Amino acid sequence: MKPSIFVFLLFLACGGVLIAKPVDLPDEKLHLEIPDDWNTGQAPGTTFSARDAQNRISVVLIGFPVSNEAGVDQAEFIQRIKDEFTQRVENQGVTVAIEHEESLTINGVPFYSIKGLLKPATGNSVDFHNYLTAANGNGYVLEFQSLDGPADAQIGAIANSLAFQGTPVLPDPSKRVKGNRVEKIGMIAGIIVGTITVLGFVFFLSRGRRTNADG
């Protein structure tokens with residue numbers, strides 16, 4: 001049984017999802033599965049985006065070129081992404097609190113996971129969880145945001161369904177550049193991720209306030 005299918009069957013048994021909806025992204029050679037009642041689309045600057053039926057949890061997939069020069073096992077690459085991501089978000093008046101990060105493997109591909117809170121000057125915080133990877137000459141970030149606190153079961157099920165079609169070409173350690181070049185790639189990635197994070201965060205704040213007011 002494929003790992004992604006197993007995760008969703010396990011999640012179904014826990015009462016979290018009724019049906020998984022497959023999503024294929026042929027241009028990226030990627031496949032993932034989301035809950036059947038989620039709404040899909042393509043937000044500006046993203047490869048794929050979706051939201052749950054209540055507009056309380058969102059996921060976006062962001063891609064950017066890395067030309068097989070950087071991998072998520074490179075500390076300087078990850079650090080620059082984190083630095084630029086944090087700076088971009090905090091420039092908008094939102095504090096980033098990273099609470100957990102780790103290396104992991106999803107369907108045979110290395111990923112780096114970063115999760116934490118986005119804290120505005122006033123109002124409630126938004127949980128975020130980013131999954132970073134690099135394959136086929138591109139870097140990818142699968143980013144989740146939640147208004148209702150950690151949504152680990154739903155987020156984990158979707159993230160673990162992400163799979164490359166065919167055998168992905170992973171960064172070649174023997175051909176990687178280091179120093180300024182890899183840091184520049186990380187800077188660009190961090191700016192992209194930070195920009196998308198801010199856009200999603202602003203949407204969630206406005207949506208959450210309307211929901212609270214209506215209730």
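I looked up K82 and found it buried, with a relative accessible area of 13%; buried means under 20%, exposed over 50% and partly exposed in between, with a 1.4 Å probe and protein chains only. The model is a predicted one, where local features need pLDDT of at least 70, side-chain atom pairs count only at pLDDT 80 or more, and totals for chains, interfaces and linings use all residues. Residues are numbered from 1 along each chain as its sequence is written, and side-chain values use heavy atoms, with hydrogens and water left out.

I next looked up the partner of K82. K82 forms a salt bridge with E101 (a side-chain nitrogen of Lys or Arg within 4 Å of a carboxyl oxygen of Asp or Glu), and their closest N and O atoms are 2.8 Å apart. E101 lies in strand β6 (residues 94-106) and K82 in helix α2, so the pair ties together parts 19 residues apart in sequence. Helices (H or I, at least four residues) and strands (E, at least two) are DSSP runs, numbered from the N terminus. I noted E101 as partly exposed, at 28%.

I then checked R80 and E84. Their closest N and O atoms are 3.1 Å apart, in a salt bridge. Both lie in helix α2 (residues 75-90), four residues apart, about one turn of the helix. E84 is buried at 12%, whereas R80 is partly exposed at 23%.

Last, I looked up R56 and D148. Their salt bridge has its closest N and O atoms 2.7 Å apart. R56 lies in the loop between β4 (48-51) and β5 (57-65), and D148 in the loop between β9 (138-146) and α3 (152-161), so the pair ties together parts 92 residues apart in sequence. R56 is buried at 15%; D148 is partly exposed at 49%.
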